[in-house]
Amino acid sequence: MRNLSTLYIDESGKSSLLEKAEEPFILTGVILEEGEKSAIEGFFNYIKLKYDISPGIPFHSYDIFENPQSRLTDIQLASLAEKLADFISLIPIRVHIATINKRQFKSILGVTSDNDFKGSKEKKEMAEYPYRVCACILFRWFAKSLKSNKAIGEIIVDARRGGDYQLIRTLYASKETNNEYMDTASARLIADKCTAICFAEKQF
């Protein structure tokens, strides 16, 4: 049976250059091998039991650390943060973070105002370049991992309106050789080794 690697992708911030230009856009990738999933699920089930978090709700940082209606106490949060840090340092996962400073990105593109994104289809698509760049960085990193581990891969993405379309578009474009997104070797690896993509709500 062939090894299976999963790339989990989550985004933070707005990818569009037309929104919140002062904030960065971040796309985080985590690679996890199939054999490690049960241990991680077991750990989070234990954490929910220990801190009286309902097993039926997602393990989401906002609800646990920030939401006034559901956040843990300061003492609990300190304890939880320590346990999470210890666990992450022990489990064999790989993490890669791609980030875009949108102000600098617009400057490199030569954009001086939002009007520069109006007009042709190409100009309108420029606004979503940050997502495509970050996604390509993660796909190229995943391709190298699949090759070194002789594995096939799947991608699971936190569902976000707008981001889903950009990710699928970039993935399919990345599979084509001689494309503008990725080198040929990585494109072939993604096309041959990446077998599935799933958009899912957080249900940890």
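Me: Which residues are exposed on the other side of α8?

Reply: R188 and D192 are the exposed ones there. Exposed means over 50% relative accessible area, buried under 20%, partly exposed in between (1.4 Å probe, protein chains only). Before we go on: this is a predicted model, where local features need pLDDT of at least 70 and side-chain atom pairs count only at 80 or more, while totals for chains, interfaces and linings use all residues. Residues are numbered from 1 along each chain as its sequence is written, and side-chain values use heavy atoms, with hydrogens and water left out.

Me: What makes the buried residues of α8 line up on the same side?

Reply: First, the list: S186, A187, L189 and I190 are the buried residues of α8. They cover an arc of only 160 degrees around the axis, so they end up on the same side of α8. The arc is taken from the directions that run from the helix axis to the C-beta atoms.

Me: And what are the helices and strands of this chain, in order?

Reply: The chain has eight helices and five strands. Starting at the N terminus, the order is β-β-α-α-α-β-α-α-α-β-α-α-β. Both kinds are DSSP runs, numbered from the N terminus: helices are H or I, at least four residues, and strands are E, at least two.

Me: Why are α6 and α8 called roughly perpendicular?

Reply: Helix α6 (residues 129-149) and helix α8 (residues 184-193) pack at about 70 degrees, with their axes 9 Å apart. Angles run from 0 to 180 degrees between N-to-C directions, and the axes are lines fitted to C-alpha atoms, for helices over the stretch in contact. Under 35 degrees is roughly parallel, over 145 roughly antiparallel, 65 to 115 roughly perpendicular, and the rest oblique. So α6 and α8 count as roughly perpendicular. F139, R140, A143, L146 and K147 of α6 make the contact with S186, L189, I190 and K193 of α8. Contact here means heavy atoms within 4.5 Å.

Me: How do the residues in that contact of α6 with α8 split by class?

Reply: There are five nonpolar, one polar and three charged residues. Ala, Val, Leu, Ile, Met, Phe, Trp, Tyr, Cys and Pro count as nonpolar, Asp, Glu, Lys and Arg as charged, and the others, Gly among them, as polar.

Me: Is K106 buried or exposed, and how do you know?

Reply: K106 belongs to helix α4. Its relative accessible area is 14%, so K106 is buried. K106 touches L17, A21, V111, D114 and F117, leaving aside residues up to four places away in sequence.

Me: Which other residues of α4 are buried, and what covers them?

Reply: The buried residues of α4 (residues 102-109) are K102, F105 and K106. Seen down the axis of α4, they fall within an arc of 100 degrees, so they line one face of the helix. The face turned away carries the exposed residues R103, Q104, S107 and I108. Strand β3 and helix α6 are among what covers the buried ones.

Me: What makes I97 count as exposed?

Reply: I97 has a relative accessible area of 52%, so the exposed label applies. I97 lies in strand β3 (residues 94-100). Leaving out residues up to four places away in sequence, I97 touches I26, L27 and T28.
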